[in-house]
Amino acid sequence: MKEENDLKQAYGTQAPFKVPEGYFDDFATRMMQMLPEQEAKVIEMKPSGWLRWRPYVAAASICAIIGGSALFFFGQNTEQTTAYSGSNAAATEITMEQAADYVMIDNDDIYTYLADF
């Protein structure tokens, strides 16, 4: 702070440079006159790479999900449906074995899971 006060006393508080009167009044028009005349270029932007395929990938994914869901829900045959109703104990046991193989668990895993309750 002392140094700043010393500088103000030695040189004063006036700015050493001054802008001429009316310099900024027509500054924009003078600057535009100095610029060279060029025609504006229009550049068309296109997505590159996989962005171009994004709508098709999304449509294919939706079709795969809908198709897979339809096969899962409507593609079950009647034998498996009757197996779940309990009318045929052997068919139910086979179906349960298939389900256990599908989720890849064995009896030890089932006992451990049930023991946690």
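Is Asp6 buried, partly exposed or exposed? I looked up its relative accessibility and got 38%, so Asp6 counts as partly exposed. The model is predicted, and I keep that in mind throughout.

**Entry 1: overall layout**

I began with the secondary structure. The protein has 6 helices and 0 strands. Reading along the sequence, I noted the pattern α-α-α-α-α-α. Next I checked burial. Of the 117 residues in the protein, 3% are buried.

**Entry 2: helix α3**

I turned to helix α3, which covers residues 54–74. I wanted to know how its length compares with expectation. At 1.5 Å a residue, its 21 residues should span 30 Å. I looked up the distance between its end C-alpha atoms and found 30 Å, which agrees. How many of the residues in α3 are buried? The count is 0 among 21, so with buried meaning under 20% relative accessible area, α3 is hardly covered.

**Entry 3**

I listed the salt bridges and found 3 in the structure. I compared the cover on the two partners. Lys2 has 62% relative accessibility and counts as exposed. Asp6, at 38%, counts as partly exposed.

I then moved to Lys8 and Glu4. Lys8 forms a salt bridge with Glu4, and the closest N and O atoms are 3.6 Å apart. Where do these two residues lie? Both are in helix α1, 4 residues apart, about one turn of the helix. Lys8 is partly exposed, with a relative accessible area of 42%. Glu4 is partly exposed too, at 43%.

**Entry 4: Arg30 and its partners**

I followed Arg30 next. Arg30 forms a salt bridge with Asp26, with the closest N and O atoms 3.2 Å apart. Arg30 has 29% relative accessibility, so Arg30 counts as partly exposed. Asp26 falls in the partly exposed class as well, at 36%. Which ring does the charged end of Arg30 sit over? I found it over the ring of Tyr23, 4.8 Å from the ring centre. My note for Arg30 therefore lists a salt bridge with Asp26 and a charge placed over Tyr23.

**Entry 5: the aromatic rings**

The structure holds 3 aromatic pairs. One of them joins Tyr23 and Phe27, with 5.8 Å from centre to centre. Tyr23 has a relative accessible area of 34% and is partly exposed. Phe27 is partly exposed at 30% relative accessibility. Which residues do the ring pairs link into a cluster? They are Tyr23, Phe24 and Phe27.

**Entry 6: cross-reference**

Tyr23 belongs to the ring cluster with Phe24 and Phe27. The ring of Tyr23 also has the charged end of Arg30 over it.

Notes: Residues numbered from 1 in each chain as written. Predicted model: local features only at pLDDT ≥ 70, side-chain atom pairs only at ≥ 80, totals over all residues. Heavy atoms only, no water. Phe/Tyr/Trp six-rings, centres within 6.5 Å; stacked < 30°, edge-to-face > 60°. Buried < 20%, exposed > 50% of the residue type's maximum accessible area, 1.4 Å probe, protein only. Lys NZ or Arg CZ within 6 Å of the ring centre and 35° of its normal. Expected span 1.5 Å × (residues − 1). Salt bridge = Lys/Arg side-chain N within 4 Å of Asp/Glu carboxyl O.
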